[in-house]
Amino acid sequence: MSLTAFSFPTRTLFGVGAIQELPSHLARLGVRRPLVVTDPGLVSTDAFRALTALLGPAGCNREWFLFGQVHPNPIEDDVRLAAALMREKGCDGVIAFGGGSPLDAGKAARLLAKSPGFPLARFYDEPADWTGLAPLIAIPTTAGTGSEVGRSSVITLDATKRKAVLFHPELLAKLVILDPELTVGLPPKLTAATGADALTHCLESYTCPAFHPMCDGIALEGIRLIVDALPRAFRHGADLDARGKMLVAAAMGAVAFQKDLGVVHSLAHPLSTLCGMHHGTANALCLVAGMRFCAARQPGLYRRVGLACDLDVLRCTDPEADQRTIEFMARFLADLGLAGRLRDFGAKPELLEALTAQAWEDPCHKTNAVPVTRDDLRALYAELL
Ligand SMILES: [Fe+2]
């Protein structure tokens with residue numbers, strides 16, 4: 001029998017107003033000079049003002065510094081410049097604040113602050129010194145990637161111009177603060193797209209064949225929460241109950257996908273790198289076709305997903321259970337404005353071969369519920385474009 005490691009280690013503080021606890025946790029972690037890592041779009045938001053109000057003016061027993069230049073898809077320079085600022089200012093901790101990009105850049109900056117010359121392009125070849133890294137507090141302002149509870153950081157490397165997944169347990173945050181009030185300003189379109197990313201994480205991790213019943217349970221409950229809360233968060237952005245459930249569900253999706261993901265993420269990644277499509281939108285537009293592809297080869301795969309969506313699929317045949325669940329998902333996404341052809345959302349049909357080549361190189365489809373060939377990927381794109 002093979003051995004499997006189960007790990008759910010991140011301390012998470014959840015609730016409306018949870019951010020008010022930040023100062024006491026900075027003190028608990030011994031952080032007196034934190035660097036706030038975020039992106040330019042966030043610094044003018046109410047969420048950011050809530051953070052800075054808590055950190056207070058510099059100089060009263062604590063100083064804090066800001067790196068607010070993280071790109072939408074973080075690049076090596078984001079990590080390097082944030083790390084250089086940490087060293088210059090003597091920062092002893094990082095507060096990563098925002099969507100997945102600032103969180104990923106903030107995670108990795110701690111490594112380069114400790115070892116400035118470390119080559120990120122050779123992350124898996126060069127031994128890194130992970131001891132004594134500055135602690136990270138992750139505060140998401142979107143409910144999608146779940147990067148706050150992940151132990152990886154996705155950075156576009158200078159050398160290859162492609163996204164690399166840097167994975168290490170020491171990248172984990174010491175504390176995650178999930179405060180629904182910080183996400184109420186997220187516009188409906190982004191609420192839908194980021195929420196669809198979380199939904200895809202739950203769906204693909206649940207159907208990934210690896211043995212991990214704990215993640216399976218978390219993924220199914222994440223689906224139940226998203227089906228209930230995402231339409232409400234989309235229509236009524238100030239619904240704190242819906243916003244809170246989405247934040248938790250996004251974190252659950254990311255916890256679950258330590259099991260791995262599937263073909264939908266392999267289709268989605270090139271749509272972002274080659275066509276600039278939002279990652280969540282790309283997942284949403286590929287999800288139903290991906291589910292049909294998997295269900296045709298493994299009937300019954302989505303019965304328990306259907307049950308999590310409160311559908312009456314307990315006693316019907318396997319193909320019927322799949323069909324009802326897939327039809328439900330198609331309607332669910334369409335109601336969020338996430339239906340249509342890829343070309344309507346910025347994809348270029350003439351890139352079919354380039355998209356196929358990148359999707360084939362992407363590792364996610366290797367852990368899909370059913371085997372995927374290069375021709376399958378091309379056929380799926382051809383159907384979707
Ligand atoms: Fe994703």
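1. Basis of the note. The model is predicted, so local features need pLDDT of at least 70 and side-chain atom pairs count only at pLDDT 80 or more, while totals for chains, interfaces and linings use all residues. Residues are numbered from 1 along each chain as its sequence is written, and side-chain values use heavy atoms, with hydrogens and water left out.

2. Helices α5 and α7. Two packed helices are described by the angle between their axes and the distance between the axes. The axes of α5 (residues 188-207) and α7 (residues 240-256) come within 8 Å and cross at roughly 40°. Axes are lines fitted to C-alpha atoms, for helices over the stretch in contact, and angles run from 0 to 180 degrees between N-to-C directions. Helices themselves are DSSP runs (H or I, at least four residues), numbered from the N terminus. The two helices are therefore oblique to each other; angles under 35 degrees count as roughly parallel, over 145 as roughly antiparallel, 65 to 115 as roughly perpendicular and the rest as oblique. The crossing of α5 and α7 is left-handed, a term used if the near helix is turned anticlockwise from the far one by less than a right angle, with right-handed used if clockwise. On the α5 side, Thr-191, Gly-195, Ala-198, His-201, Cys-202 and Ser-205 make the contact (heavy atoms within 4.5 Å), and on the α7 side Arg-243, Met-246, Ala-249, Ala-250, Gly-253 and Ala-256 do so. By class, this contact has six nonpolar, five polar and one charged residue. Here Ala, Val, Leu, Ile, Met, Phe, Trp, Tyr, Cys and Pro count as nonpolar, Asp, Glu, Lys and Arg as charged, and the others, Gly among them, as polar.

3. Helices α5 and α11. The axis of α5 comes within 12 Å of that of α11 (residues 318-335), and the two cross at roughly 165°. The pair is therefore roughly antiparallel, and the crossing is left-handed. Ala-196, Leu-199 and Leu-203 of α5 meet Met-329, Phe-332 and Leu-333 of α11. This contact has six nonpolar residues, with no polar and no charged ones.

4. Helices α8 and α12. For α8 (residues 263-275) and α12 (residues 352-361), the axes come within 8 Å and cross at roughly 125°. That angle makes α8 oblique to α12. The crossing of α8 and α12 is right-handed. Ser-266, Pro-270, Leu-271, Thr-273, Leu-274 and Cys-275 in α8 meet Ala-354, Leu-355, Gln-358 and Ala-359 in α12. The classes there are seven nonpolar, three polar and no charged residues.

5. The second largest pocket. Its space is about 160 Å³, a volume being the space filled by probe spheres set on grid points joined across faces, edges and corners. A pocket is an open set of points, on a 1 Å grid over the protein atoms alone, where a 1.4 Å probe fits, with protein on both sides within 12 Å along at least five of seven lines; lining residues have an atom within 4 Å of a point. Helix α5 gives the most to this lining, with four residues.

6. Leu-352. This residue is found in α12 and lies 9.5 Å from Ala-379, C-alpha to C-alpha.
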